Amino acid sequence: MTRNPTTPAGRRSRVRLADALGVGAAGLRARRMRSTLSAFGIAISISALVAVLGIADSSKADLLAQLGAEGNLLTVAAGQTFDGSPTPLPATAESMIRQIPPVLMATAVGTVPGATVRRSAAVPALDTGGISVLAAEPSLPSGLGITMLHGHFLDAIGDRYPETVLGFAAARNLGIDVLTPSTQVYLDGMYVAVVGIMAPAAVAPELDTAALVSFPVADTLLHLDGRATRIYVRVDPDNVAAVAAVLPFTASPAQPEAVEVRRPSDILVARIAAKTAFVGLFLALGAIGLLVGGVGIANIMVISVLERRGEIGLRRALGARARHIAVQFFIESALLSTAGGLLGVGLGVLATAIVARVTGTPATMPVEVPVGGFAAAMAVGALAGLYPAIRAARLAPADALRTP
Amino acid sequence: MSIAVELHDVTKTYPAPNAVTALERATLALRTGETVAITGPSGSGKSTMLNLLGTLERPTSGEVRLAGVRASSLSDGELSGLRAWHIGFVFQQFFLLDHLSVLDNVAHGLLYRGLGARDRRSAAAAALTRVGLAQRLTHRPQELSGGERQRVAIARALVGHPTLLLADEPTGNLDSTTGADIVALLAGLGDDRTTIVVITHDAGVAAAMDRHIHLRDGRIVGDDLKAA
């Protein structure tokens, strides 16, 4: 086909970008409620995605911070007897471990076999609440970084008089949440004053369910004989593996194979892995929500095209090219998803900040999360707008104008 | 006077399932500045002729020439350019955008020429003044009477000073008094640059125009020039 040479040069149909955006925005304003609800559908999905990632990251940051603080902590124990109670370590174990140069600190606990803790003598002896009695050294809280929720840890007085400090779960099981000078528990046949309650110990859960007494008291009143069953060791972070390798021989030269050396921070690593698995699940749910939001936009835009056949015909009559019509509907869809994306990112960040504040974890939000969330909203809007835009552009002008 | 638009042996047949020849071998030349009424019973091919003159549809055979351009050989984009720069439409249903002011509705008539908003609004204000609606610039279409709405639509068609103004039953939705006002307005708009074509059932409208073309069963059966 030959082109007509008399086509008026420079008299092409064209529309400015600012006008195209203005026409798209005006089209949405004309259907305010419908547009708002469509954008809100996207916003909910994006906010869920951003919040899941943000909250998971904040929680992970908290665990990673603990991991960083606890990564150089090792525990040394001597296995268990047949009845499940811990075997004592050799009496020289703690002093020998302190001799290893990269060891920064060592503090021991000793399990008092068979000792129980109850609220009072009236509680049946078998109703122990799973609380064990441990002898502890005064350096335990500073060595493990455990804070006190109430009262204070065992001090010089605790070396001479029977008093106890309760782990977080032990105190809860005994129904003690406030300390007074008269707060006592019935510990292995005698009433002992409770002088402190510890905060949860993430890397030493065995302390949460224990009642701690001093070694001198455990020796004189509970017949422990000063034998430690577990030693917590802080090591120069660069030499953790090397120290772990020599600890069995140092702690028990006669029976190194009976010594268990553990790195409690492995618990935190497992928790991080578990959280990551849940994040994947929630992300999948959020992605489905986003897909539904996108289908919602596509649906609204298709209906819009059907309802606005007359307008499409008018615009074609005014000189709009098919591509101008497609761009108009595409812009409307993109504006909807932009608004939804911005609102969703805002709500997601807000939710993350609120949850972090409530749970006391540091609020962190990797920049990829809001950027990615917004990009996802834009991508969904673009995909959702594509089909309606093409459909609108394909309408023949005369057919569109025959709208009843 | 030069020729503004012409049909040469134009036939338009719609495909199945409603296969029908709406216009058959129509040949017609409309002069610049002429006011023309196209009449005929329903189904006679009036709207098809208007769509062909306005390049909203392509002929099955034959040729449409507008402003010296052979429209049948142009692409969709080029035809759109032709409509943006040379043709103005007035419809029976007005097709005004309710979410825009009267001024912006008329300014929309220049949107696809790529003009800036200020230039468009300035031309729109002048066009509204020409149709007697200078006091209604900021109103919304739904605040106007039917006659006023059609005046807005006429202003929108006129705002770009088109070569050809096509009006499809412009009085069809109006009462007789208002319709007469619109006819008078359209007849009075004729100048030496714009050809005005009105499709109508109304004999009064036809009488107000310079030329009267009558269609029946897709054929031109009458073409009368009013005596000067």
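Student: In which loop of chain B is B:H161 found?

Tutor: Keep in mind that this is a predicted model. Phi of B:H161 comes out near 50 degrees, positive although the residue isn't glycine. As for its place in the chain, look for the loop between α5 and β7 (164-168) of chain B.

Student: Is B:H161 buried, partly exposed or exposed?

Tutor: Count the C-beta neighbours inside 10 Å: there are 14. Buried takes 20 or more, and exposed takes 12 or fewer. B:H161 therefore lands in between, as partly exposed.

Student: What's the phi of B:T55?

Tutor: Most residues other than glycine have a negative phi. B:T55 sits in the loop between α1 (46-53) and β4 (61-66) of chain B. Its phi is positive even though it isn't glycine, with a value near 60 degrees.

Student: And how many other C-beta atoms lie within 10 Å of B:T55?

Tutor: B:T55 is buried, and that label needs 20 or more. The count for B:T55 is 27.

Student: On to helices. How far does α4 of chain B reach from its first C-alpha to its last?

Tutor: α4(B) covers residues 117-130, which is 14 residues. At 1.5 Å a residue, the expected span is 20 Å. The model comes close to that, with a reach of 20 Å.

Student: Which residue with a positive phi follows α4(B)?

Tutor: Go past the end of the helix and check the backbone there. Phi is near 85 degrees at the residue in question, B:G132.

Student: Last one, over in chain A: how are α12(A) and α13(A) oriented to each other?

Tutor: The axes of α12 (residues 322-359) and α13 (residues 368-394) come within 7 Å and cross at roughly 155 degrees. α12(A) passes α13(A) in a right-handed crossing. Angles over 145 degrees get their own label, so the two helices are roughly antiparallel.

Terms used. Residues are numbered from 1 along each chain as its sequence is written. Chains are lettered from A and ligands numbered from 1 in the order in which they are written. This is a predicted model: local features need pLDDT of at least 70, side-chain atom pairs count only at pLDDT 80 or more; totals for chains, interfaces and linings use all residues. Helices (H or I, at least four residues) and strands (E, at least two) are DSSP runs, numbered from the N terminus. The expected span of a helix is 1.5 Å times one less than its number of residues. Axes are lines fitted to C-alpha atoms, for helices over the stretch in contact, and angles run from 0 to 180 degrees between N-to-C directions. Angles under 35 degrees count as roughly parallel, over 145 as roughly antiparallel, 65 to 115 as roughly perpendicular and the rest as oblique. A crossing is left-handed if the near helix is turned anticlockwise from the far one by less than a right angle, and right-handed if clockwise.
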